[in-house]
Amino acid sequence: MAKLHIITLPDPLLRQVSGPVERIDDELRRLADDMLETMYAAPGVGLAAVQVGVPRRLIVVDAARDEEEEHRPITMINPRIILLGEDRRIYEEGCLSIPDERVEIERPATLRVRYLDRDGREQEMDADGLLATVILHEVDHLDGRLIIDFLSRLKRDIIVRRFKKQAKTESAA
Ligand SMILES: [Zn+2]
């Protein structure tokens, strides 16, 4: 397994809508493994393929946050939210592609997601709590949507400008 580079704002790839995964083969499973390693190292609770530069509909999640807890990695290929609950949940979300920013976001608290697993088998899962939040966050990535889109335009522009400036400074160094 290898750790991958996570792209950050203002990389335009983050705004691209990811295309479906057409073939589930060893190469894709390797990518999923590398994404999991990258996510655990960050550390984070979810990662979308586009965040490591591959705009395909593949996400990995593990909402077992407690250090003592066993890893519970889930790989979802071509995930589709097929049901959203009516209850809402507010959580302060971070994003590995937007370091040091946190945004309070209200999302549905429960959902049902349909996806293909690593062996190409169709799966359905009901999720709530942090797991539901993470799945919605990662599926947003596949549609080019970011946590800053939940902010006012003014606040969003301030953050984007800061990252643009930072990128310029880094490339000049
Ligand atoms: Zn994110």
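Predicted model: local features only at pLDDT ≥ 70, side-chain atom pairs only at ≥ 80, totals over all residues.
**Getting to know the strands and the zinc site**

Me: How many bridges pair β2 with β3?
Reply: Strands here are DSSP runs of E (at least two residues), helices are runs of H or I (at least four), and both are numbered from the N terminus. Two strands pair if DSSP finds at least two bridges between them. β2 runs antiparallel to β1 (residues 46-48) over 3 bridges, with L47 partnered by V60. With β3 (residues 74-84), β2 again pairs in the antiparallel sense, and the bridge count is 4.

Me: Which residues of β2 are buried on the side away from L58 and V60?
Reply: In a regular strand, side chains alternate between the two faces of the sheet. Buried means under 20% relative accessible area, exposed over 50%, and partly exposed in between (1.4 Å probe, protein chains only). β2 (residues 58-61) is covered on both faces, with L58 and V60 buried on one side and, on the other, I59 and V61.

Me: Which protein residues are the donors of the zinc ion?
Reply: Donors are N, O and S atoms within 2.8 Å of the metal (3.2 Å for Na, K and Ca), and since water is not among the atoms, sites may look incomplete. Along the chain the zinc donors follow the spacing C-x41-H-x3-H. C95 sits in the loop between β4 and β5 (103-108) and H137 in helix α2 (residues 129-142), so this pair ties together parts 42 residues apart in sequence. Lying 2.1 to 2.3 Å from the zinc, the donors are C95 (SG), H137 (NE2) and H141 (NE2).

Me: Which side chain makes a polar contact with the side chain of E93?
Reply: E93 is in strand β4 (residues 88-93) and counts as buried because its relative accessibility is 3%. Its contacts (heavy atoms within 4.5 Å), leaving aside neighbours within four places in sequence, include R107, T133 and H137. A polar contact is a pair of N or O atoms within 3.5 Å; within protein, one must be able to donate a hydrogen and the other to accept it, and residues adjacent in sequence count only if both atoms are side-chain atoms. At 2.9 Å, the partner of E93 is H137.

Conventions
Residues numbered from 1 in each chain as written. Heavy atoms only, no water.
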